[in-house]
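This briefing covers side-chain contacts in the structure shown below.

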Amino acid sequence: MQIRCALVGMPGSGKSTIGRQLAHRAGVPFIDLDHRLEEVLGTSIRQFFEEHGEARFRELEAEELAKAAALPGGMVLSTGGGAVLRAENRAVLRAMGPVLYLRASPEEIYKRVKHDRTRPLLQGGNPMDKLRTLYAQRDGFYRESAHYVIETGRPTVHMLVNMIMMQMEMAAGTEQAPQ
């Protein structure tokens, strides 16, 4: 079975960490959309945000997401936390294969990212308040995009990868079952 899926969720929900392990386990390429964007932009996302604004970033993010989703074969695609804000991105994600929402509470995320200075939307002000606001704004978009919601609160990365692999295998089994 060849896996082809996308991971969505809040910044710090584990998309890159889990995605990398999932791709390794499945033997498919891992594409981190944020890293790909930084290569295309020639700078960090944070720096680009400061110089060009979020709107321009979201345009380029949509272009790179469409390119990545159009690649053939198996893959695990990790999106940026805000990729689901555009309806066209949600449609692209759902069309490319199963979308998994790695759901974590703002409190869990804060524990993971409180010392990370690379996340542009969490800089300045009260990061916990920002996370709660982002979660309130985005949770519905993540759910709309997702075929599956994976709770990332307690399990280890290894356990989460196992859960996702089982979910993908079950989904592949139902797709191939006779009608």
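A salt bridge is counted when a side-chain nitrogen of Lys or Arg lies within 4 Å of a carboxyl oxygen of Asp or Glu. The model is predicted. By the salt-bridge rule, the count comes to twelve, and the structure also holds three aromatic pairs.

- Arg 36 and Glu 64 form a salt bridge, with 3.6 Å between the closest N and O atoms.
- Because Arg 36 belongs to helix α2 (residues 33-41) and Glu 64 to helix α4 (residues 54-70), the pair ties together parts that are 28 residues apart in sequence.
- Arg 36 has a relative accessible area of 24% and is partly exposed, whereas Glu 64, at 6%, is buried.
- A network of salt bridges links Arg 36, Glu 64 and Lys 67.

- Glu 54 and Arg 58 meet through their side chains in a salt bridge, at 3.1 Å from N to O.
- Glu 54 and Arg 58 are four residues apart in helix α4, so about one helical turn separates them.
- The relative accessible area of Glu 54 is 31%, which makes this residue partly exposed.
- Arg 58 is buried, since buried means under 20% relative accessible area and the value for Arg 58 is 9%.

- Arg 132 forms a salt bridge with Glu 107, and the closest N and O atoms are 3.2 Å apart.
- This pair links distant parts of the chain, with Arg 132 in helix α7 (residues 127-145) and Glu 107 in helix α6 (residues 106-113), 25 residues apart.
- Arg 132 is partly exposed at a relative accessible area of 40%, and Glu 107 also counts as partly exposed, at 36% relative accessibility.

**Aromatic contacts**

- Among the three aromatic pairs is that of Phe 49 and Phe 57, whose ring centres are 5.2 Å apart and whose planes stand at 50 degrees, so the pair is tilted.
- The angle decides the label because planes under 30 degrees apart count as stacked and those over 60 as edge-to-face, with the rest tilted.
- Phe 49 and Phe 57 are both buried.
- One aromatic cluster is formed by Phe 48, Phe 49 and Phe 57.

Key: Residues are numbered from 1 along each chain as its sequence is written. This is a predicted model: local features need pLDDT of at least 70, side-chain atom pairs count only at pLDDT 80 or more; totals for chains, interfaces and linings use all residues. Side-chain values use heavy atoms; hydrogens and water are left out. Rings of Phe, Tyr and Trp (its six-membered ring) pair if their centres lie within 6.5 Å; planes under 30 degrees apart count as stacked, over 60 as edge-to-face and the rest as tilted. Buried means under 20% relative accessible area, exposed over 50%, partly exposed in between (1.4 Å probe, protein chains only). Helices (H or I, at least four residues) and strands (E, at least two) are DSSP runs, numbered from the N terminus.
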